[in-house]
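Hi,

Here is the structure I promised to pass on.

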Amino acid sequence: MAKLIRYLNDGRFEIDNNRAENAIRPFVIGRKNWLFSDSVRGVKASANLYSLIETAKANGWEPYAYLRRVFAELPRADTVEAIEALLPGNIKK
């Protein structure tokens, strides 16, 4: 019982886990698509793309707008620092 009311003692805790559930929903929906991944490289590429898109959403980006911006600027990124500057938390809107 004490664990059920823990959120009453600490205002930082939320009463539900909707944010966590909403964050994993695309992965659950995409689960059937992953059945068609033919190789380990394909699975890794899908995981990287999903991770990048969800990170963009978490940073307030609309995924399509973010990807368009990154793909436009990526050819000019010639160092690791320049590529890291294109991550969703680092790029300015």
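This is a predicted model: local features need pLDDT of at least 70, side-chain atom pairs count only at pLDDT 80 or more; totals for chains, interfaces and linings use all residues.

Before the notes, one term: a residue is buried if its relative accessible area is under 20%, exposed if over 50%, and partly exposed in between (1.4 Å probe, protein chains only).

Residues are numbered from 1 along each chain as its sequence is written, and side-chain values use heavy atoms, with hydrogens and water left out.

On confidence: pLDDT is the predictor's confidence in each residue, from 0 to 100. The protein chain averages 84, and 96% of its residues score at least 70. Helices here are DSSP runs (H or I, at least four residues; strands are E, at least two), numbered from the N terminus.

Now the salt bridges, meaning a side-chain nitrogen of Lys or Arg within 4 Å of a carboxyl oxygen of Asp or Glu. Searching the whole structure turns up two.

- E54 pairs with K57, with 3.2 Å between the closest N and O atoms. Both sit in helix α3, three residues apart, about one turn of the helix. E54 is buried at 15% relative accessible area, whereas K57 is partly exposed at 40%.
- E73 pairs with R69, and here the closest N and O atoms are 2.7 Å apart. This pair lies in helix α4, four residues apart, again about one turn. E73 is partly exposed at 25%, and so is R69 at 28%.

Next, the nonpolar core, defined as a set of buried Ala, Val, Leu, Ile, Met, Phe, Trp, Tyr and Cys residues joined through side-chain atoms within 4.5 Å. The largest one has eight residues: A56, W61, Y66, L67, V70, A77, L86 and I91. Helix α4 gives the most to this core, with three residues. Leaving aside residues up to four places away in sequence, L67 touches L52 and I53 (contact means heavy atoms within 4.5 Å).

Finally, just after α3, G60 takes a positive phi of about 85°. Further along, L87 lies in the segment after α5 (80-84) and counts as partly exposed at 41% relative accessibility.

Cheers
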